[in-house]
Amino acid sequence: PTQCQDNYYDITKQIEDGCEYYCITSNNSIEKCDYKDNNCDGEIDEIFSLESDPNNCGSCGNVCDFSYINANAECRSSECIMTDCMEDFLNKDGDDVNGCESKTIHVDNNADISHCTSSDGTSLCPYQNITYAISQAYPNDEIFIHAGTYNRVNSVSIDVNELTVYGAGNTDTIIVGNHNKSNVSINANDILIYDLAISGGTNGIYLDGNSNITIRNVNISDQVGANGEDGYYSYENGSAGSRANGIFIKDGADIIIQDNIITNITAGDGGKGSNCSHGGAGGSSTGLRIFRSSTISIAANKITNINGGNGGDGGASLLNTCTLGIGGKGGNATGIFFGGYDASASNNILAKIIGGNSGQDSNSATLSLNELSGTAIGICVSDSSFETMITNNTIFGVLGSNQSGITSGVFNSYEATSTIIN
């Protein structure tokens with residue numbers, strides 16, 4: 001036929017069947033996926049592949065981008081398949097059904113956020129405060145602390161379960177704490193901390209009653225105990241110096257401490273005694289202190305420069321008539337202290353473990369406390385420990401105090417059960 005009637009088309013181009021195809025155009029004759037022949041060319045949705053089109057996957061209008069939360073997807077064999085997570089989101093549980101359910105929260109106190117209406121923890125508009133970032137996190141989230149120095153007045157408290165906290169490297173991301181407090185406190189379970197530095201505080205990291213904790217490639221340094229107060233009134237002894245610990249684990253379980261550097265841990269000195277009074281004892285220092293904890297693995301750490309506090313000097317009377325005024329004993333220094341069970345220490349390096357010196361007795365003192373002072377021990381296994389394995393550690397530079405200080409590479413209490421191969 002030379003011309004078909006309205007809404008009829010000659011699709012077959014055969015004279016004998018004329019204008020055999022009845023069709024009404026739609027969508028301005030532009031083909032779209034709607035199960036219709038929009039341009040009346042005899043084919044329906046011919047430019048769309050329901051097997052591979054991410055906007056029409058398996059059926060028209062089934063858009064793969066909206067199939068998974070916070071994730072990208074593509075169409076394969078008529079099915080939307082998740083490919084990867086959108087920026088700053090994570091598929092921590094490995095279940096594609098709920099998409100990328102977790103997120104990376106960014107902290108960067110050097111970032112220019114002048115373009116941001118408000119900080120939202122994204123890489124473009126990061127938070128600038130670590131504590132606030134933790135408050136915005138949910139279980140399975142990760143907090144990335146960008147390179148920089150973060151000065152803290154209060155402790156960083158990690159109190160969200162199943163949280164990962166990491167930095168740009170153990171010399172690049174530095175958390176500086178207040179010397180009167182623990183720097184980082186772990187108050188949740190299933191925590192991973194890695195690739196950052198923690199400086200200052202009385203404890204670099206403090207953990208109390210939590211489980212499944214991993215601390216890896218963290219540089220922990222410069223923990224300092226407070227000095228004791230000097231005696232003020234007559235016959236008032238000086239007070240003891242405070243403890244200092246790189247890592248202090250109390251009532252924990254399933255703990256991994258691996259590939260960390262723990263250095264420059266110094267306990268507080270004892271205060272001086274007033275007239276005819278004793279000096280305070282120096283505080284004890286420990287690189288890694290484990291108390292009432294179980295299933296602990298300590299491997300490939302470097303623990304150095306652990307210093308017990310010095311004892312305070314005894315106070316003499318003006319007339320040299322009293323028999324008191326004894327100097328306080330020096331504080332103990334220990335690289336690793338075990339107080340628990342099912343624990344192991346392997347391939348660690350421990351060096352320069354130095355007990356504190358005793359304070360000076362007053363020139364009128366005639367009594368002696370007869371106490372061991374300034375003990376230095378590389379690895380100490382307490383009498384509350386059992387099933388402890390200590391293997392392939394390198395220990396050197398362990399030095400007791402100037403008075404009766406025990407010096408020992410490994411000290412194994414008579415009641416402890418442990419295997420020692422070093």
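**Strands, cores and salt bridges**

Q: How many helices and strands are in the protein chain?
A: One helix and 29 strands. Bear in mind that this is a predicted model.

Q: What share of the residues counts as buried?
A: 46% of the 422 residues in the protein chain.

Q: And the accessible surface of the chain, what does it come to?
A: About 20,000 Å². Carbon and sulfur atoms hold 47% of that.

Q: What part of the contacts is between residues 24 or more positions apart?
A: 61%, counting contacts with a separation of 6 or more.

Q: On to the inside. How many residues has the largest nonpolar core?
A: It has 54 residues. Those with the most contacts inside it are Ile143, Ile145, Leu163, Ile247, Leu288, Ile298 and Phe338.

Q: Take leucine 288. What is it in contact with, leaving aside neighbours within four places in sequence?
A: Leucine 288 is in contact with Ile247, Ile249, Ile257, Ile298, Ile303, Gly335, Ile336 and Phe337.

Q: Which residues are in the other core?
A: That core lies apart from the largest one and has nine residues, among them Cys64, Tyr68, Cys75 and Met82.

Q: Where is threonine 334?
A: In strand β22, residues 333-338.

Q: Buried or exposed?
A: Threonine 334 is buried, because its relative accessible area is 9% and the cut-off for buried is under 20%. Beyond four places in sequence, its contacts include Ser285, Thr286, Ile353 and Cys380.

Q: Switching to charges. How many salt bridges are found in the whole structure?
A: Four. One of them joins lysine 92 and glutamate 142, with the closest N and O atoms 3.4 Å apart.

Q: Why does that pair tie together separate parts?
A: Lysine 92 sits in the loop between β5 and β6, and glutamate 142 in strand β7, so the link spans parts 50 residues apart in sequence. Lysine 92 is partly exposed at 32%, while glutamate 142 is buried at 15%.

Q: What does aspartate 141 pair with?
A: Lysine 103, at 2.9 Å from N to O. Aspartate 141 is in the loop between α1 and β7, and lysine 103 is in strand β6, so parts 38 residues apart are tied together. Aspartate 141 counts as buried at 2% relative accessibility, lysine 103 as partly exposed at 24%.

Q: And arginine 292, what does its side chain meet?
A: Aspartate 251, in a salt bridge of 2.8 Å. Both are in loops: aspartate 251 between β16 and β17, arginine 292 between β19 and β20. They are 41 residues apart.

Q: How exposed are those two?
A: Aspartate 251 is partly exposed at 30%. Arginine 292 is partly exposed at 49%.

Terms used:
Residues are numbered from 1 along each chain as its sequence is written. This is a predicted model: local features need pLDDT of at least 70, side-chain atom pairs count only at pLDDT 80 or more; totals for chains, interfaces and linings use all residues. Side-chain values use heavy atoms; hydrogens and water are left out. Helices (H or I, at least four residues) and strands (E, at least two) are DSSP runs, numbered from the N terminus. Buried means under 20% relative accessible area, exposed over 50%, partly exposed in between (1.4 Å probe, protein chains only). Contact means heavy atoms within 4.5 Å. Accessible areas come from the Shrake-Rupley method with a 1.4 Å probe; for residues, only the protein chains shown count as cover. A nonpolar core is a set of buried Ala, Val, Leu, Ile, Met, Phe, Trp, Tyr and Cys residues joined through side-chain atoms within 4.5 Å.
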